[in-house]
Amino acid sequence: MIPLLLIVVPLVTGLISFFIKDDKTVKGWALISSVVTFAIALAGAASHDKLLFDTTWLPLLGSRFSLQLDGMAKMLTLLTGVSFPLVFASISSNNYPRSFNFYALMLLMQAGLMGVFLSADVLLFYFFWELALIPAYFLCSQWGGEKRIQVTFKFFIYTFIGSLLMLVGILYLYYKTPEHSFAIKDFYALKLTAKEQGFAFWLFFIAFAIKMPIFPFHTWQPDTYEQSSTAVTMILSGVMVKMGLYAVIRWILPIFPTAVEKFSHLIILLSVIGMLYASLIAIRQNDIKRMIAYSSIAHIGLMSAAIFANQQVGLQGVMVQMFNHGVNVIGLWIVTDAIEQQLGTRKFSELGGLAQKAQGLAILFVVMALANVALPLTNAFIGEFLMFNGLFRYNIWMAVIALISIILAAVYTLNAVQKIFYGETNELTERAYDSGSNVKLSLVVITIVVIILGVYPEPILRLTNDTVNAVLATIK
Amino acid sequence: MNAIITSAVCGVIMMFSSVFVENKKTYRHIAAVLLLLLLAVNVADTYGIRLFHIDTKGMLLFDRFGYFFNSIAIASTLIYVVLTGRDIEKVGTYTAEYFVLIFFVLCGVTILSSYNTLLMLFLGIEILSIPLYILTGADKRNLKSNEAALKYFLMGSFSTGIMLMGITLIYGATGTFDIYVTPKETITGQPAIVYSLLESAGLILMMISIGFKVSAAPFHFWTPDVYDGSPGVFTSFMATIVKAAGFIAFIKLFDARADASGVEANAFTGVDWKMLFAILIVSTLLIGNITAVFQQSVKRMMAYSSIAQAGFMLFALFSLNDVAKEGLLLYAAAYSLASIGIFAIMVKMKDHTFEGYNGLSKTQPVLAATNTIFLLSLAGIPLTAGFFAKYYMLASVMKTSGYLWLVIVGVVFAAVSVYYYFRVIQAMYFKDGEATITEEVSKGFKVGIIVLAGLIILFGILPQSLLQWFYF
């Protein structure tokens, strides 16, 4: 029942939100809904077994409404569950025109994301994959910067082409299954020739690569993150990009082991190029949002490289890091949003000296920044260490080149801290004040997570251990 | 049989009602009741209750496929009349006659879904077309409407000529009008190759002529002008139910020939039909989608979009398997319902350009929300009926192994189609403006359009709620 509730609660509360026209009520409603979902996700994660839900859906096509909550799904539903209350709490003092639409679409997006992480049926997975995208399209186009309509459209078309190619791949494999079914176990049991794998692999991978995004499919990402409203960006970069990584682990590794072996070198190379390239561009940015966007591409690049390195330790690192990156990046965005709401700018050149005016915010931002650099004692350190370990075992040179990006990360992140919070105040930042308690509360929660998981990552490692072993077993 | 006769009788009843009923507003209510009756009669027929016992000498063959399509067509027409009945009244003075013509078109549709000889095919196409020529020119003080009617009539007659020629050649080859009979080995001792050639030539002519009716490129040139010129309410009817009927006629003919020849579906009469259809599909998708991108008016965009959608329905003709036939029925329903909805909203708008829709979400939230669902369905986004329609089409081709490139071409153009459908959504939701409607929409209209959108979502989540009637 828990897997179903994880989808139904945000879906139903989201649909109801369309009709709550009062701003205050809808904010409270959305917050309550997201807290309830979080509690359910926690309950799911606390259970020791793999939770399943299965009911008939499309008998004519051989597709069932079947959900499974295994280790990886537990971790990701937990991430989704924890993200939304944090986001809702931190933006509760912001004003969005027609806010009932905003919160309704946010909750619908949450339902879609939950569905993606839970589906144990490929057609159902495809459904939720799109269901998460449609609210995102409306959210990004309706609230945000001036160029948002064009930018979001590019984002939509980009990901839609990817999804359609995936649909072709799904159909291709569907007709290879003996009894024409979309069930995950039938797809896992497929015996494909190397040629079939090589070809279907790309149909799936392009969709996921666009979503992650990895170089050279990343061009939609910085623009979209910059233009859309920061609350939406939090979800896009905190949770939605994990869809791509998740899908690679869930579908590509077990179904196309031969193709993975064949193309892993190329994909790791692309990921590593993307890491360096994005880090270098991040250094040159003058906009906080664009800086974080490029930094995010670099982090995702490392995760994708570690997935394809096919080492147990690397895969465990990915699991840990998916959660940590999601939480950390949301922290960075919350600070960005707090600054933008207060001062109306995100440009480094117009900021400075904020630490004198907003001490609390400054301290919390520094913690986030250190986590972004993956300093020991922060949660990101564990994940990145494991991933580099995996990459190192795969190919030492790739690991060495990828390590450069850590240095670059320190350059741009610390640079941002310095430019925003230290130095002299100017006319604009003279008037700044410390942000509200709701923002601080969210950030404190994130800080606690950062430090606890930085010292004691065991819970997530244990949670996702079964998935890692299961995936590796199908490959070997 | 029930539906063929009843629809003709309903047409006559409608005609006389214009003599006895003075009030113009009553006609649409009469029409709606008669359509409901027609639907009931057809459903009864499906369950084996025959009202008329007429020996058709094998000229008509009633099967589940035909009945089911009739039901879809009649139900769609009912929804269409309920939603746009008021706007039909506004076209001109002869309101009752418009409904008469719609019933006669339905008579043609029901013949097309059950013909078993080429003669009945021809009759069906003509009964369907001639009322349409008149409806196109219904707005007789409007030059564009007149031009459209004349153009449609001339081009239509031309294609009818081609069809007759095709029928003649096939008759020459087989010695019968029966669509299930293939040429005998030798009739008069001549080698079979002659007959095979005659039959192929005949079938190619049929393909051109029906391709014209369903506006497949390169036989689509009449479509934009006629759809744009004729009154919006009738464009809606023409672009949806009538077009779907054309496809049913199309697939029945080629399915029968492939069946009868008993060889691989793509090689009967020695012509590579798969290749011919693939060419037709690619050119239709290309022309329909690319041209739709450049349109400035929603009405013209919908005209090109209907060409593009025809390209997708042609996938069924390409693969000719069970998935294709099932899928074509679903596609016909999904496409018709969504287009009827979009047209019903469009005829309420003052300005039919994309700019005319700017800010509709603020002035008319219900219309904007339902219009979005219809557009998403046409674009083939999951959770709407359009997704499963496209899914079935792609799956049918995928089942015919070896044509993966065609599936990929299909999805690429599906992505292109998102561009122009979403332009309307962008205008309604994200652009500022004061979209105005010609008159306040009634509560009934709002309820109707919400129900229609609900149906599209229902078929999008559970397509078997529609398709189970095909298997019951």
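**Entry 1: polar pairs between the chains**

I looked up the polar contacts between chain A and chain B and found 4 residue pairs, both residues at pLDDT 80 or more. A polar contact is a pair of N or O atoms within 3.5 Å; within protein, one must be able to donate a hydrogen and the other to accept it, and residues adjacent in sequence count only if both atoms are side-chain atoms. I then turned to salt bridges (a side-chain nitrogen of Lys or Arg within 4 Å of a carboxyl oxygen of Asp or Glu). Between chain A and chain B the count is 0.

I note that this is a predicted model, in which local features need pLDDT of at least 70 and side-chain atom pairs count only at pLDDT 80 or more, while totals for chains, interfaces and linings use all residues. Residues are numbered from 1 along each chain as its sequence is written, chains are lettered from A and ligands numbered from 1 in the order in which they are written, and side-chain values use heavy atoms, without hydrogens and water.

**Entry 2: the interface**

I counted contacts (heavy atoms within 4.5 Å). On chain A 34 residues take part, and on chain B 35. The buried area, meaning the accessible area (1.4 Å probe) that two parts lose on being put together, summed over both, is about 3100 Å² here, and carbon and sulfur atoms give 84% of this area. A:Leu60, A:Phe127 and A:Tyr175 supply 18% of what chain A buries against chain B, more than any other three residues.

Which elements of chain A give two or more residues to this side? I list strand 1 (51-58), helix 5 (122-142), helix 6 (148-174) and helix 8 (194-211). Helices (H or I, at least four residues) and strands (E, at least two) are DSSP runs, numbered from the N terminus. Helix 6 gives the most, with 14 residues.

**Entry 3: A:Thr13**

I found A:Thr13 in helix 1 (residues 2-17) of chain A. A:Thr13 has a relative accessible area of 10% and is therefore buried (under 20%; exposed is over 50%, partly exposed in between; 1.4 Å probe, protein chains only). Its side chain reaches the backbone oxygen of A:Val9 at 2.6 Å. Leaving aside neighbours within four places in sequence, A:Thr13 is in contact with A:Trp29, A:Ser33 and A:Leu107.

**Entry 4: chain A as a whole**

I recorded 20 helices and 2 strands in chain A. Of its 476 residues, 67% are buried. The C-alpha trace spans about 70 × 55 × 45 Å along its principal axes.
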